[in-house]
Amino acid sequence: MTESYDFKNIETKWQTLWSESREFEVTEDPAKPEFYCLEMLPYPSGAGIHMGHVRNYSIGDVVARYKRMRGFNVLHPIGWDSLGMPAENAAIEHKAHPSRWTLNNIKKMRSQLKRMGYSYAWDREVTTCLPEYYKWNQWFFLKMMEQGLVYRQKGKVNWCPICRTVLANEQAEGGRCWRCETEVEEREQEQWFFKITAYADRLLDDMSLLVSSWPEHVLTMQRNWIGKSVGVRIGFPVVDSSHKIETFTTRIDTIYGATFLLLSPEHPMIAELIEVRPEKESVLSFIEHQKSMSYKDRIANAAQKEGVFTGSFARNPFSNETIPIWVANFVLIQYGTGAVMGVPAHDQRDFEFAVQYGLPIKVVIQPPGEKSDAALLDQAYTEEGIVVNSGEFNSLPSPVAIERMTEYIEQKGIGQRNIDYRLRDWGISRQRYWGTPIPIVYCTKCGIVPVPEDELPVLLPEIKEITGTGGSPLNQVEEFVNTKCPKCNEPARRETDTMDTFVDSSWYHLRYTDSKIDTKPLNLKAVDYWMPVDLYIGGIEHAVLHLMYFRFFNKVFKDMGLVKVDEPTVHLLTQGMVIKDGAKMSKSKGNVVEPGELIERYGADSTRLFCLFAAPPEKDLDWNEQGIEGCFRFLGRLWRIAHKYILSTRNLEELPRDAHLSAEAKKLRVKTHQTIKRVTIDIDERLHFNTALSSIMELVNELYRFDLAGETTPESLKVIKETIQALVLLLSPFAPHICEELWQRMGNSNKITFTPWPAYDSELATEEKITVVVQVNGKLRSRLTVDYQASDDEIKKEALSDRRVIAHMQGKKIMKTIYVPKKLINFVVKL
């Protein structure tokens, strides 16, 4: 009778063996190719991991285990992003000290990750809340200050009233706190900034290095956030005043069509413009209303164009016409100069505003070969074209006119070429306790004084109770605040703000290369060996937060001589979210499924398998416990069929390539080699783990069909042995515990970790062709014959180019595409 699949004892056994043998620890070895596999490190703000973590780390573990079997020297580390608002807020909520709360959570989460069987190099673990780590945050701050990349300035900041801290623009996009989604308020106070804008062009230009290996939507989000615009700044003289209102435009060729100016409600010149005007009260009322709205509501309401006339006028510097100055709700002080020239014929927002308030519309750009009449326009013409109604610049194509007009304003001294960016410097000051203390002292004699390097780290003091109210908690600790000036030794005060937690996660990947070094932040020899990261895995929500800072720090470090690479990671995989009850699974949503319960019922291997099989890595995964039950049953099937033949095949020799086999045995052998090929390609080239697992499951089914045939000749048994060995090795990155156990029981003395990945015979692995049915509105229109390995996108592309399909679609709009992988595709078109 077959021994039952006792997953609890099997998983405990192998986790113990891996730990005792320090299986996954590595050192730099120039003789071996290296592979650095990294998942974004977790926040230990809650008491445990959830299925979102399990999915992320299971993806990385498949790649790490696979690469080891392919002969790579694999670095696969883990650590804890343990400072910042999430941990402090959780500690306050649970009436615990952040240090105790965080370290207890780390202990629990570490245990949970080990129960999942992840192949981490635990000897390289980093914990960002410990002084041996955040000391180097302070060191980098000082070095960046020396480079002119750190400054202190009073300015408007994003304030979250719930988290009670300043947020960077990236953390307040859409007018809400990135963490708690509370509406952000605007305040003005002294802040410390990292000058990320100094690297704006490099951050943009170096995206060319990432085009083939980062998701395009991530690069697009970063390009949009940096927001580089090439144009001109030009002043519009205010009538009856010596002042000019400066505007920025990328379309100077449309300036003759500027029939009004629009200012943001925060524009500094408004007070002067309305001072003696009868419109003053209405303008002030409009501004007060706009300022009372949240940033998000301002953006949302901008769809409905609203404005108010200031009573003042400006002069168009090209046409010399007098144009009215308005204040508008959709002009933001954060972008450009806070003033725009209104060109309603050629900007849709300006067109809607002009129609709303009866302002003049003047056509100055026409489509080539056409004539436009302002009176007949139903929307703005925003493309380039031929310049008209523009004096000496008439008849010029837009690109030529832009260059000629730019030269004109430079010659006349009324403007200049300018590059504008949406990106703003990174405000790192946080009025919280649980963060890296900023290493600055304020002295009445010496001013702002950096803490000397030999006095680092500036330690976080112990605080008995943290309430999260009343500003910076450090400001209330006299023994911390009161200190001596490093220059004059007179009484001074420490900076009481702490650093944004994104500082911690901007360079942790470099610390993993040698987490034990204590004389300097990085071991440059180790950094050179391991960097760049080969595969980085994390959520899309970090596209313009962590990933932007991650890249910025790398470029700063390169300029400091600490790294040699231009970009910190070669490949980026942004995995989809785990969805439960219609929302992302997270502690803050209260819809977390604890993996501990699943491990108890089904085991770590089944839990891992579900996360990898239920959806492609980049797609969202809908939570479904029945899916884990299915994975558990599959592992049970593999266990039973393997055990049936372990004893009878253990001592059989390897099957020769030209062995004489029955038709059924040959069919199984061909299927085995095809599966090895498919799984290898799916992992190595595509990161399509769900289809890799599907192929493995198909091979198990094929093995059961062969088993029913009852063939027991020595050659047939050798085929069975070859198939079971392949199955165990192919499945091992996904479900390592059961595979290690079966591998050992098959008589192998070496562990799978150090066993070469199975090779396929290219002749045996030649794929059969498959037929895919193509329908249009549910009716058969064609059949495609394609390679089994053809991707879904390739199949869809071929279907759309099929002449019979084209004839039946006749240019109709596709409303929906129904696709059954490898079998059927149905285009639903609008009749």
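Colleague: What covers the buried residues of α4?

Modeller: In this predicted model, the cover over the buried residues of α4 includes α2 (51-69), β3 (79-80), α3 (85-93) and β4 (126-127).

Colleague: And which residues of α4 are the buried ones?

Modeller: They are Pro98, Trp101, Thr102, Asn105, Ile106, Met109, Gln112 and Leu113. Looking down the axis of α4, you would find these buried residues within an arc of 130 degrees, so they line one face of the helix.

Colleague: Why would residues that are spaced out along a helix point the same way?

Modeller: An α-helix has 3.6 residues a turn, and therefore residues three or four places apart point the same way.

Colleague: How many residues does α4 have, and what is its reach from first C-alpha to last?

Modeller: Helix α4 runs over residues 98-115, which is 18 residues, and its reach from the first C-alpha to the last is 25 Å, close to the 26 Å expected at 1.5 Å a residue. Just after α4 comes Gly117, which takes a positive phi of about 75 degrees.

Colleague: Let's move to α1. Which of its residues are buried, please?

Modeller: The buried residues of α1, a helix of 15 residues spanning 7-21, are Phe7, Ile10, Glu11, Trp14, Gln15 and Trp18. Around the axis they cover an arc of only 120 degrees, which puts them on the same side of α1. On the other side of α1, Asn9 and Glu20 are exposed.

Colleague: What covers that buried side?

Modeller: The elements covering the buried residues of α1 include α2, α4, α17, α18 (604-613), α19 and α23 (736-745).

Colleague: You mentioned α17 and α19; at what angle do their axes cross?

Modeller: The axes of α17 (residues 595-602) and α19 (residues 625-649) cross at roughly 35 degrees and come within 11 Å, and the crossing in which α17 passes α19 is right-handed. On the α17 side the contact is made by Leu598, Arg601 and Tyr602, while α19 brings Glu625, Ile628, Glu629 and Phe632. Sorted by class, this contact has 4 nonpolar, no polar and 3 charged residues.

Colleague: New topic: is Lys555 buried or exposed?

Modeller: Lys555, which is found in helix α16 (residues 546-560), has 1% relative accessibility, and because buried means under 20%, Lys555 counts as buried.

Colleague: So what does Lys555 touch?

Modeller: Leaving out residues up to four places away in sequence, Lys555 touches Tyr199, Arg202, Leu203, Asp206, Asp566 and Glu567.

Conventions. Residues are numbered from 1 along each chain as its sequence is written. This is a predicted model: local features need pLDDT of at least 70, side-chain atom pairs count only at pLDDT 80 or more; totals for chains, interfaces and linings use all residues. Side-chain values use heavy atoms; hydrogens and water are left out. Helices (H or I, at least four residues) and strands (E, at least two) are DSSP runs, numbered from the N terminus. The expected span of a helix is 1.5 Å times one less than its number of residues. Buried means under 20% relative accessible area, exposed over 50%, partly exposed in between (1.4 Å probe, protein chains only). The arc is that of the directions from the helix axis to the C-beta atoms. Contact means heavy atoms within 4.5 Å. Axes are lines fitted to C-alpha atoms, for helices over the stretch in contact, and angles run from 0 to 180 degrees between N-to-C directions. A crossing is left-handed if the near helix is turned anticlockwise from the far one by less than a right angle, and right-handed if clockwise. Ala, Val, Leu, Ile, Met, Phe, Trp, Tyr, Cys and Pro count as nonpolar, Asp, Glu, Lys and Arg as charged, and the others, Gly among them, as polar.
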